[in-house]
Amino acid sequence: MKKPLFVDRSLDAQFMAEALEQARLGAQLGEVPVGAVLVRDGEVLGRGFNQPIASRDPSAHAEMVALRAAALAVDNYRLPGSTLYVTLEPCSMCAGLIVHARVARLVYAASEPRAGVASSRGQFFEQDFLNHRVLVEGGLLAEESAELLRGFFRARRSSD
């Protein structure tokens, strides 16, 4: 029997703020500012920001980087009982990763109308064929995340 997930909502904003800080680190390096933090039992297991340009790795999305770090930290590719905080609604690649890693809960900030699959372009996590269910919540610090992205792309367009 699965242990019920304890959700401490008082910490959600704190961990999402940490994910936003990760996004800012990526932006400083010229990467699209998306950040992620994976937490279990109040402990950060992994952090990451988008880095496909610097790493020359198309899979180096913030979620992928954070989950890889967490899996190494706990010496296991499965991360049950964990919560992933990410500043932008995940794409299909990252959604699949979240399921395969057995993340219990996903909390994302801003919606991604072009490629987000949690709610914007489909409800990936609600598909019947999935062998793991993820509790999904969106909108936490959404405006802060959206403004960070808008500012990044505004600056990029003005420098062209």
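Visitor: Where do we start, and what covers the buried residues of H5?
Guide: Helix H1 (9-28), S3 and S4 are among the elements covering them. Keep in mind that this is a predicted model.

Visitor: OK, which residues of H5 are buried?
Guide: Ser 145, Ala 146, Leu 148, Leu 149 and Phe 152. These residues sit on the same side of H5, because the arc they cover around the axis is only 160 degrees.

Visitor: Why would residues three or four places apart point the same way?
Guide: An α-helix has 3.6 residues a turn, so residues with that spacing end up pointing the same way.

Visitor: And what does the face turned away from the buried side carry?
Guide: That face of H5 carries Arg 157 and Ser 158, both exposed.

Visitor: How many residues does H5 have, and how far does it reach?
Guide: H5 runs over residues 142-159, which is 18 residues. From first C-alpha to last it reaches 26 Å, close to the 26 Å expected at 1.5 Å a residue.

Visitor: Back to Phe 152. Which ring does it pair with?
Guide: Phe 153. The two ring centres are 5.1 Å apart and the planes meet at 85 degrees, so this pair is edge-to-face.

Visitor: Is Phe 153 buried or partly exposed?
Guide: Phe 153 is partly exposed, at 31% relative accessible area. Phe 152 has 13% relative accessibility, and buried means under 20%, so Phe 152 counts as buried.

Visitor: How many aromatic pairs does the structure hold?
Guide: There are 4. One of them joins Phe 124 and Phe 125, edge-to-face, with 5.4 Å centre to centre and 90 degrees between the planes.

Visitor: Are those two buried or exposed?
Guide: Phe 124 is buried, with a relative accessible area of 19%. Phe 125 is buried too, at 5% relative accessibility.

Visitor: What cluster do ring pairs make there?
Guide: Ring pairs link Phe 124, Phe 125 and Phe 129 into a cluster.

Visitor: Which strands does S1 pair with?
Guide: S1 is joined to S2 (residues 43-49) by 6 bridges, and those two run antiparallel. S1 also pairs with S3 (residues 82-88), again in the antiparallel sense, over 5 bridges.

Visitor: Give me one residue to look at. What stands opposite Ala 36?
Guide: In S2, Gly 48 stands opposite Ala 36. In S3, the bridge partner of Ala 36 is Val 86.

Visitor: What sits between S1 and S2?
Guide: They form a hairpin with 2 residues between them. Asp 41, in the turn, has a positive phi of about 55 degrees.

Visitor: Now a loop. Where does Asn 131 lie?
Guide: Asn 131 is in the loop between S4 (105-110) and S5 (135-138). Asn 131 counts as exposed, at 59% relative accessibility.

Visitor: What is Asn 131 in contact with, leaving aside neighbours within four places in sequence?
Guide: Val 99 and Arg 102. Asn 131 and Arg 102 are 29 residues apart in sequence, and their C-alpha atoms are 9.4 Å apart.

Visitor: Last one: what does the UniProt annotation cover?
Guide: The unreviewed UniProt entry annotates residues 10-137 as "domain: CMP/dCMP-type deaminase". In the model, that span is 35% helix and 23% strand, and its end C-alpha atoms lie 15 Å apart.

Notes:
Residues are numbered from 1 along each chain as its sequence is written. This is a predicted model: local features need pLDDT of at least 70, side-chain atom pairs count only at pLDDT 80 or more; totals for chains, interfaces and linings use all residues. Side-chain values use heavy atoms; hydrogens and water are left out. Two strands pair if DSSP finds at least two bridges between them. Helices (H or I, at least four residues) and strands (E, at least two) are DSSP runs, numbered from the N terminus. Buried means under 20% relative accessible area, exposed over 50%, partly exposed in between (1.4 Å probe, protein chains only). Contact means heavy atoms within 4.5 Å. UniProt positions are given in the numbering used here, feature names are shortened, and annotations may be inferred rather than shown by experiment. Rings of Phe, Tyr and Trp (its six-membered ring) pair if their centres lie within 6.5 Å; planes under 30 degrees apart count as stacked, over 60 as edge-to-face and the rest as tilted. The expected span of a helix is 1.5 Å times one less than its number of residues. The arc is that of the directions from the helix axis to the C-beta atoms.
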